[in-house]
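Welcome! Open your viewer, get your selection tool ready, and follow along one stop at a time.

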Amino acid sequence: MRSPRRCSRNGCPRQAVATLTYVYNESTAVVGPLAAFAEPHTYDLCEPHARSLTAPRGWDVVRHEGEFEPPPPTTDDLVALAEAVREAARPVTPRPPADDHDQHQTPHTGRRGHLRVIPPNH
C-alpha cells in the first residue's frame, strides 16, 4: 500500500490533510483540503500545522473552515494490498543448502516493489 503523504514541516511525522499554496502576486497563503496529487510549489500540512499557519506581515491567509479529513484509500492501494497478501500466501519451496557457507548467511528477504516479505525465524 502506498504510504500516506506526510506533513512538509521539518521533523513532523503526521499525515498530511491540507495543502498550502502561495499566491505571490496577491500576497496570499491559501490552506485548503489536501490536493489529489503532490504538486511542485505546494506544501502538504498536517491538521495542527494547517490550523496554526501564519503568513508574513502584509500577507493574508485564506484557510479552509471545514474539517480536514485524511484522504480515503484509493483502489490502487487496495489492489496493492490484495496482491501483497496473495504473494505472501504462496507456498515457498525450500532450497537445499549448497554447502556450509550458505547455512550461515542471513535469510533471504523477498522484495516486490515497495513491499518486503520477511521470512519467519527458523
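## A tour around strand β1

Start by selecting Ala-18: beyond its neighbours within four places in sequence, Ala-18 is in contact with Val-31, Gly-32, Pro-33, Leu-34, Tyr-43, Asp-44, Leu-45, Ala-50 and Phe-68. Keep in mind as you look around that this is a predicted model.

Now widen the selection to the largest nonpolar core. Its twelve residues are Cys-7, Cys-12, Val-17, Ala-18, Leu-20, Ala-29, Val-31, Leu-45, Cys-46, Ala-50, Leu-53 and Phe-68. Colour β1 (18–23) and β2 (28–33) next, as each of these strands supplies at least two residues of this core. In soluble globular proteins, nonpolar side chains tend to be buried together.

Step back to Val-17, in the segment before β1. Is Val-17 buried or exposed? Val-17 counts as buried because its relative accessibility is 8%, under the 20% cut-off. Neighbours within four places aside, the contacts of Val-17 are Pro-33, Leu-34, Leu-45, Cys-46, Glu-47, Phe-68, Glu-69 and Pro-70.

For the last stop, select Thr-19, found in strand β1. With a relative accessibility of 6%, Thr-19 also counts as buried. Which backbone nitrogen lies 2.8 Å from a polar atom of the Thr-19 side chain? Show Ala-35 and you will find that nitrogen there. Setting aside neighbours within four places in sequence, Thr-19 has contacts that include Arg-5, Val-30, Thr-42 and Ala-35 itself.

Methods. Residues are numbered from 1 along each chain as its sequence is written. This is a predicted model: local features need pLDDT of at least 70, side-chain atom pairs count only at pLDDT 80 or more; totals for chains, interfaces and linings use all residues. Side-chain values use heavy atoms; hydrogens and water are left out. A nonpolar core is a set of buried Ala, Val, Leu, Ile, Met, Phe, Trp, Tyr and Cys residues joined through side-chain atoms within 4.5 Å. Buried means under 20% relative accessible area, exposed over 50%, partly exposed in between (1.4 Å probe, protein chains only). Helices (H or I, at least four residues) and strands (E, at least two) are DSSP runs, numbered from the N terminus. Contact means heavy atoms within 4.5 Å. A polar contact is a pair of N or O atoms within 3.5 Å; within protein, one must be able to donate a hydrogen and the other to accept it, and residues adjacent in sequence count only if both atoms are side-chain atoms.
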